[in-house]
Amino acid sequence: MAQTADRPSSMSTYAVAPASHLVDGREVTPAITRRELEEREIRAVRERRRRELITHNAARVAVFIAVLVGWHLLAARYDSNLLPGPLQTYAGLVRSWKLISAGAVATLVEIGLGFGLGVFGGLVLGSIIGVSKTMQGVLHPFLVLYQAVPKTGLAPMIVLILGFGILPKVVLAAMTAVFPVLENTIIGVQRVEEDSQRLFRVLGASPAQTYFKLRLINALPYIMTGLRGAIVLATVSVVVTEFVAGRIGLGAVMMTGYAQLDTPMVFGALLALTAIGLACYFTVCLIETLVLRWFNLELPAS
Amino acid sequence: MAPEALVQPSDADLYRHFYDHEVREQARRRRRARIVNLLGRSVIVAAFLGLWTAAAAVYPPIIVPSPLATWRALVTEIGTLAQNTPPTLIEIVLGFLAGSVLGIGLGALVAQSRWAEIVLRPYLVVSQAVPKVALAPILVILLGYGLTSKVTLAALIAFFPLLENTIAGLRRVDLDSLRLLQSLGATRWQIFTKLRVFCALPLVFAGLRIAAVMATLGAIVAEFVAGNRGLGALLVVSMGTFSTPLLYATMVVLTALAFSVYLLATWLERKALHRYNLAAPRA
């Protein structure tokens, strides 16, 4: 097993370090005290960690560069309208920057609105279902059905009803983002320690107080995990709806490029979309960290 | 006073009395819950159909057809629907198989080396956050309008949950068992086949369930983009030609298909966990 703790593993061996001892009848003073030895080991561990960090990051960068070079070499064998390389993709991004940046703004707004709406809905519904056993019993089969249905398949329907504007994208994003928040809120609201519940009851807390001061706070780590799932799903469904109703957004830009066989633009738009996806995801991760730290809750593993 | 009132009930009598009371009470509660559930569920289904009918009355039938019109389309267009279901099903199955074989295989390889795993971890996180379905147009340009592009997209998005879950599962080994095997002089391969694989199974099965749902999503989106056959293509085509009843009927079939896939995956997961006597991974 790799030793990951900050203490050297051999520390316990030096529990008693004599200032001097007898070897073959002669008094010998150790050249190094126990304390110095420990410090030396700690320093060695730190040094090794630092070195590992550098090598790991170097390896990560190397992987990235290798992928880029591999892509470049692969793309060099094809026509740039079939498979553009990294350079052509960059060129496409620059050339169609106006289109792509406008699309990126629209996509970002749609993701944000859909995500916000979905999270709000998930919190409210999840709280209701989590608190009320009756509601959970009644709604359970519908929740399973809702989870299993490919909601992105609803895109054409929603586009027909709501038109080609921003609305269908927001609605579908909210519809997909709602589920992970809902599910995690139910779990979090229900998994409250029995003792805390009893304490609240004994102290005569009202249901609202129990909910806001105990259940909701207890559910926060779960809810935050749900938010992470929700932002990914919101991004996916916004893009798919833009594919179907191509007028605004990066998905529409991609479909335009696809129809005109302007593949560098498709790749450029994909690059922008990837950046947006990452930015949204890490913003949510940041919110998660801040909220959990504010409430002094533990960050979930992974 | 009646003489029997003076007889003290024994502890056993009291116990039996309260026990029977509790049993009856529980049975009553269960019965009532069943009735409430049935009532509530009927109300929700009725409300859904009612809302749908109301929407159909408000909007022209070319935007929202009534449930009845949808049913009629389902009956009259059954040929078209039956023709377009097998391609989608094949894409889902092939994509699921390819994605899960690759995901489990690569996951097992990466998990062999702690170093590889640490180096690749940021990329795994990033792969979670990137909308992979957006690759659909690119895959179609590269691989054509046929089956290949759709299977590839389905496989690609089914791949990542399995990769992650396999790695996480193989790492999540019970430390005591590991020490025991090591102290008994087990080889690396023995530890892998006799311990790690079993510790990984719950997460791998959970990954397979997610992969099945993901493969469905991938197949549908790929058909949206490059559709000549399949249910996803039928959705887009019927939207474009304003044959809305067909669109709704297709959605019904698609829902049934996806739900069957999901139920099958959940059932297999439960069966497999039961077979190996394992607990489902905690959420």
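I take a contact to mean heavy atoms within 4.5 Å. With that in hand I looked up chain A, where residues 24 or more positions apart account for 70% of the contacts with a separation of 6 or more. For chain B I noted that the corresponding share of contacts with a separation of 6 or more, again from residues 24 or more positions apart, is 74%.

**Ground rules**

I am reading a predicted model, in which local features need pLDDT of at least 70 and side-chain atom pairs count only at pLDDT 80 or more, while totals for chains, interfaces and linings use all residues. I number residues from 1 along each chain as its sequence is written, I letter chains from A and number ligands from 1 in the order in which they are written, and I keep to heavy atoms for side-chain values, with hydrogens and water left out.

**Chain A as a whole**

I began with the secondary structure, using helices (H or I, at least four residues) and strands (E, at least two) as DSSP runs numbered from the N terminus. Chain A has 10 helices and 2 strands, and along the sequence they come in the pattern β-β-α-α-α-α-α-α-α-α-α-α. I then noted that chain A is more spread out than a compact globule, because its radius of gyration is 28 Å, well over the 19 Å that the globule rule gives for 302 residues. That radius is taken over C-alpha atoms, and the globule rule is 2.2 Å times the number of residues to the power 0.38. Along the principal axes, the C-alpha atoms of chain A fill a box of roughly 95 × 70 × 30 Å.

Chain A exposes about 16,600 Å², of which carbon and sulfur atoms supply 65%.

For charges, Lys and Arg count as positive and Asp and Glu as negative, while His and the chain ends are not counted. Each charge is placed at NZ of Lys, CZ of Arg, CG of Asp or CD of Glu. Chain A has 26 positive and 19 negative side chains, and the centres of the two sets lie 5 Å apart.

**Chain B as a whole**

In chain B I found 10 helices and 0 strands, with the pattern α-α-α-α-α-α-α-α-α-α along the sequence. Its radius of gyration is 27 Å, well over the 19 Å that the globule rule gives for 283 residues, so chain B is also more spread out than a compact globule. The C-alpha trace of chain B spans about 95 × 70 × 30 Å along its principal axes. Of the 283 residues in chain B, 42% are buried, and the chain exposes about 15,700 Å², with 68% supplied by carbon and sulfur atoms. The mean positions of its 26 positive and 14 negative charges are 7 Å apart.

**Cysteines**

I searched for disulfides, each a pair of cysteine sulfur atoms within 2.5 Å, and the structure holds 0 of them over all chains. Cys280(A) is in no disulfide, and its nearest cysteine sulfur, that of Cys285(A), is 11 Å away. Cys280(A) counts as buried at 12% relative accessibility, and Cys285(A) is buried with a relative accessible area of 18%.

**Single residues**

Leu261(A), with a phi of about 55 degrees, sits in the loop between helix H9 (250–259) and helix H10 (263–294) of chain A, and is partly exposed at 46% relative accessible area. Phe242(B), with a phi of about 55 degrees, sits in the loop between helix H9 (231–240) and helix H10 (244–275) of chain B, and is partly exposed at 43%.

I ended with two residue pairs. Phe120(A), in helix H3 (residues 97–131) of chain A, is exposed at 59% relative accessible area; it is 61 residues from Val181(A) in sequence and 8.7 Å from it in space, C-alpha to C-alpha. Gly146(B), in the loop between helix H5 (136–143) and helix H6 (147–171) of chain B, is partly exposed at 36%; it lies 77 residues from Glu223(B) in sequence and 9.8 Å from it in space, C-alpha to C-alpha.

Notes: Buried < 20%, exposed > 50% of the residue type's maximum accessible area, 1.4 Å probe, protein only. Areas by Shrake-Rupley, 256 points an atom, 1.4 Å probe, with all protein chains shown as cover.
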